[in-house]
Amino acid sequence: MSAKVKMSEALFKKFVGALAKAPRYFLLSPQCRQIFALTHFNERGRPVREYTETSDGVMPGTVAHNRLQIDDGTFASAERTLRLINPIAAIGGIFEHELEQKVLSIGPRTEMELFHLVGAGFHPDNITAVDLISTSPWIDLGDMHKLPYADRSFDVVISSWVLGYSSTPQKAVDEMVRVTRSGGVIAIGCTHNPDAEAIEYKTAETKIQGARFRHVDQYRALIGDKLDWVYYQDEPRDGAHGAVIIVARIKH
C-alpha cells in the first residue's frame, strides 16, 4: 500500500468502530459482499433451486452455465455490479430517497448484488430479486421473459449481465419496462466480446447462443418510445472488448 494511505493499528480500530455503527458500509467492499454471501450460502447447507418452467427466450445451457459459477465456490465477480449500481445511486431522485425505492434485481444468481444494493443505501425490505437459479430465499425463482410481478411495481430495475442469455431480448426488455413505474429507472449491462459469443463458456453443455450487444443504441431501440432520458451510458470503442451499459428513465 502507498505511504500516502498508510494506516496505523490505532486508526484501523477507529475505522472498524465507525463501521460497526453503520454495518451496511461493509457491503460496499466487493470482498466483504462475497464473504457474506458465501457464508450465508454455506450456513444454509448450500441450497440451489432451479426454475423449470422457462420460456423459449431462455437459451439452453443458461442454468448449467450459472450453476458452474456457484459450484466453483467463488460466486464469480463481486465487482461487476459497480458499473450499474454506482450510476443509479448518484441520480438525484434516487439518492435523496433510497430507503423508499422499490428495487428489482433480475438475474443476481447470488446475494452479492443484493448486498451491494444495501450497501449503496437501499433498504433490504424493498429489494426484490428473481432468477432461474436461486441460492437464497431472498431470490424468487422466475423467468425475466415473464416476470411474476404487477405492472409498475418498481422504482429501479437492474438487469446485470443477463440480457445476453436471451434469444428474445425484446420480450425481456418489454417485461422490464412493464414492471417499472413511470419515471423509474432501468439499468442494463452486458459484455461485448469481439472474439467470442455473447457468453464465455466452460463446457459444451453450457454453451449459449444469446443476444449480442455492441452499441447502446441497441438498448435504446429495445426500450423504444418508453425511453424518457438516459442518465448514463457506455460502450467499448472501435469494437473492442468491454461493457455496454445504459441507465435510463422510463415513461408510460
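What do the buried residues of α8 pack against? View 1 takes that up, after two notes on the model. This is a predicted model, where local features need pLDDT of at least 70 and side-chain atom pairs count only at pLDDT 80 or more, while totals for chains, interfaces and linings use all residues. Residues are numbered from 1 along each chain as its sequence is written, and side-chain values use heavy atoms, with hydrogens and water left out.

**View 1. Helix α8 and its buried side.** Helices here are DSSP runs of H or I with at least four residues, strands are runs of E with at least two, and both are numbered from the N terminus. Helix α8 spans residues 216-223, and its buried residues are Val-216, Tyr-219, Leu-222 and Ile-223. They sit on the same side of α8, because they cover an arc of only 115° around the axis (the arc is that of the directions from the helix axis to the C-beta atoms). "Buried" stands for under 20% relative accessible area, "exposed" for over 50%, and "partly exposed" for anything in between, using a 1.4 Å probe and protein chains only. So, back to the opening question: the buried residues of α8 pack against α7 (169-179), β7 (180-192), β8 and β9 (242-250), where contact means heavy atoms within 4.5 Å.

**View 2. The other face of α8, and what follows it.** Turned away from the buried side is a face that carries the exposed residues Asp-217 and Ala-221. Asp-217 has a relative accessible area of 54%. It forms a salt bridge with Arg-220, with the closest N and O atoms 3.8 Å apart; a salt bridge here is a side-chain nitrogen of Lys or Arg within 4 Å of a carboxyl oxygen of Asp or Glu. Arg-220 counts as partly exposed, at 32% relative accessibility.

**View 3. The open sheet.** Seven strands make up this sheet, in the order β5-β3-β2-β6-β7-β9-β8, with mixed pairing. Two strands pair if DSSP finds at least two bridges between them. At the edges stand β5 (139-141) and β8 (227-234); each has a single partner strand, so one side of each is left without a neighbour in the sheet. Direction ignored, neighbouring strands are turned by 20° against each other on average, with axes taken as lines fitted to C-alpha atoms (for helices over the stretch in contact) and angles between N-to-C directions running from 0 to 180 degrees.

**View 4. Where β2 meets β6.** Strand β2 (residues 103-106) and strand β6 (residues 154-160) run parallel and are joined by four bridges. Look for Leu-104: its bridge partner in β6 is Val-157.

View 5. Ten salt bridges are counted in total, and one of them pairs Arg-44 with Glu-111, the closest N and O atoms being 2.9 Å apart. Arg-44 lies in the loop between α2 (30-43) and β1 (49-50), and Glu-111 in the loop between β2 and α6 (112-119), so the pair ties together parts that are 67 residues apart in sequence. Arg-44 is partly exposed at 33% relative accessibility, whereas Glu-111 is buried at 3%.

View 6. Asp-71 and Arg-67 both belong to helix α3 (residues 62-71), four residues apart, or about one turn of the helix. Their closest N and O atoms are 3.2 Å apart in a salt bridge. Asp-71 is partly exposed at 46% relative accessibility, and Arg-67 is partly exposed at 29%.
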